[in-house]
Amino acid sequence: MSASSDTRGVNRRRFFSDTAAAVCGTGFLALLLGWAAAPARSLAATALRPPGALPETDFLAACVRCGLCVRDCPYDTLKLADLADGAASGTPYFEARKIPCEMCEDIPCVVACPTGALDKGLTDIAKARMGTAVLVGHETCLNFLGLRCDVCYRVCPLIDKAITLEMRHNQRTGKHAQLIPIVHTDVCTGCGKCEKSCVLEETAIKVLPVELARGQIGAHYRLGWEEKAKKGGALVDGIIDLPDRGYTPPPIKEFRP
Amino acid sequence: MSATVRRPGPAAIREKGWFLAHRWLLARRAAQLGFLLLFLSGPLFGVWIAKGTLSSSLTLGVLPLSDPLMTVQSLAARHLPEATGLLGAVLVLAAYAASRGRLYCSWVCPVNVVTDAAAALRRRLGIRANMALSRRLRLLVLAAVVLASAATGVLVWEAVNPVTLLHRALVFGTLTAGGLAWTVVAAIFLFDLAVTARGWCGHLCPVGAFYGQIGRWGTVAVSAPQRERCDHCKDCYLVCPEPHVITPALTDAASDIIESPDCTACGRCVDVCPQSVFVLGIHPPRLAGTRRTAGAAPLHQGDPT
């Protein structure tokens, strides 16, 4: 009797220690896997996701790395990341400077996705936000130097909407214009055609991930002039407009050569 | 020099001829190549049969198939795949549950060729070094994969999964274009060759562990209907990637079928047995509590065990 209850006690202890070992072993392996997968969670700034891609953290939970979007891309824009590439191994991405997105109207890559990693809610390619173009080369962009390159502006599929040319005075010559390409982040799809076609050795306009490319003003910020327009008058009544410490701006004529 | 280590194969070749001693091996290599060609015919010849990879594919434009373990990771990471992806996973799950889960391992998976090669070279070189690992370790890895996917919200196994890594590299051609998938494949080869025999597929791979679990009740199995002819040469044990599965079929009085979910139904035991003890075939599904038998004579006392 006592012998059998002893055995039972031993068996119970054995069961608990085996279970504890299995649980701890699983935890150890889970941590190892977490570390192994950690670097894959950061996406290189040069790697752009296909149109309709969920936000990166959701995308990495949804994409099964099957490559169906890559197969259905008619321009070989998309490719699957290899081990050491800038995107999680096996996930689809493209590099604008190599092959940009041609913005197919039927968006075949999104249609091909079996998991919803590319959101089927995207049916108008102009609403895609693969990234945002940023003119980073203010010292090198030929238009900034006073030339009329305009290539990024001309190739933009949303010309005069996503990129416009803004005329400025050329301070250097004093008598010419600069036509500065301005990207409008609310329209730019991040297709990358501007980056692809920049004539410089190293492109002056680059498509960056949306969150990297845009500033964001604080939610509590109010733009005085907008508030004023909304109100239809001065926001504070009876405010005294003090003189500006005796400074009188020179007549505008002096700036005009 | 000690006596030469016995290698499985030569005895069977003497007894049955080369072809019969390699029949299932040839069939498997053909199947593995065939599955690869289904994916490669498109990029190579412009004839699209299966598009995608083993993770998820579309065959002939209508049949979606998805890796169920990938889908489980996705669900653990809190993403509900679209209907196509889910349907594909259910189809694959049903097919393997009905046949034998680990058929995937020996008939489809591209890594099998690598680990089989490592095992063969290991036998030829007579490498004895063998770090002991529990074969249940893969179940812990499987649990860890699901756990870590849930904790990180990422399909963690896909950061390292050599199965999809190799298949992708083959199908998308990055293996020959400077890709790094070969490093993972090489690591597995060296591990199996010099560290632990059948280390990867037999001890660590959670994909195989997963398929093993879903295919417990399948119909495809190896049986030993002629087990009274066994002369204990042990060639089957030497060649088998999961040798512990064989013993019950040879000794269990009630059943001569290999029931273990670990068995990959590779058929190598059938090939290398000089006495033609084993058969690879289809058996009626095992229902709860019932046993099945392929017709071996019941064992009597004094029978070889």
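This is a predicted model: local features need pLDDT of at least 70, side-chain atom pairs count only at pLDDT 80 or more; totals for chains, interfaces and linings use all residues.
Local features were considered at pLDDT of at least 70 and side-chain atom pairs only at pLDDT 80 or more, whereas totals for chains, interfaces and linings use all residues. Residues are numbered from 1 along each chain as its sequence is written, chains are lettered from A and ligands numbered from 1 in the order in which they are written, and side-chain values rest on heavy atoms, with hydrogens and water left out.

The secondary structure of chain B comprises 14 helices and five strands, where helices (H or I, at least four residues) and strands (E, at least two) are DSSP runs numbered from the N terminus. The radius of gyration of chain B, taken over C-alpha atoms, is 20 Å, close to the 19 Å that the globule rule gives for 305 residues, so chain B is as compact as a globular protein of that length; the rule is 2.2 Å times the number of residues to the power 0.38. The C-alpha trace of chain B spans about 60 × 50 × 40 Å along its principal axes. Of the 305 residues, 52% count as buried (under 20% relative accessible area, with exposed over 50% and partly exposed in between; 1.4 Å probe, protein chains only). Among contacts (heavy atoms within 4.5 Å) in chain B between residues at least 6 apart in sequence, 75% join residues at least 24 apart.

The contact between the two chains takes 45 residues from chain B and 36 residues from chain A. The buried area, defined as the accessible area (1.4 Å probe) that two parts lose on being put together, summed over both, is about 3100 Å², of which carbon and sulfur atoms give 67%. Two salt bridges are found across the interface, the criterion being a side-chain nitrogen of Lys or Arg within 4 Å of a carboxyl oxygen of Asp or Glu. One salt bridge joins K51(B) to D72(A), with the closest N and O atoms 2.6 Å apart. Helix 7 of chain B contributes nine residues, the largest share of the side of chain B that touches chain A. By class, that side has 27 nonpolar, 14 polar and four charged residues (Ala, Val, Leu, Ile, Met, Phe, Trp, Tyr, Cys and Pro count as nonpolar, Asp, Glu, Lys and Arg as charged, and the others, Gly among them, as polar).

Within helix 7 of chain B lies L139(B), which is partly exposed, with a relative accessible area of 33%. L139(B) touches A209(B) and Q213(B), residues up to four places away in sequence not being counted. L139(B) and G208(B) are 69 residues apart in sequence, yet 9.4 Å apart in space, C-alpha to C-alpha.

Helix 8 of chain B is largely enclosed by the rest of the structure, because nine of its 10 residues are buried. Among them are P162(B), L165(B), H167(B) and R168(B). At the start of helix 8, a side-chain oxygen of N161(B) reaches to within 2.9 Å of the backbone nitrogen of V163(B). Just after helix 8, G173(B) takes a positive phi of about 75°.

In the loop between helix 9 and helix 10 (199-204) of chain B, T196(B) is found. T196(B) is buried, with a relative accessible area of 1%. The residues that T196(B) touches, not counting those up to four places away in sequence, are R122(B), N130(B), M131(B), L133(B), F191(B) and H203(B).

Methods: A polar contact is a pair of N or O atoms within 3.5 Å; within protein, one must be able to donate a hydrogen and the other to accept it, and residues adjacent in sequence count only if both atoms are side-chain atoms.
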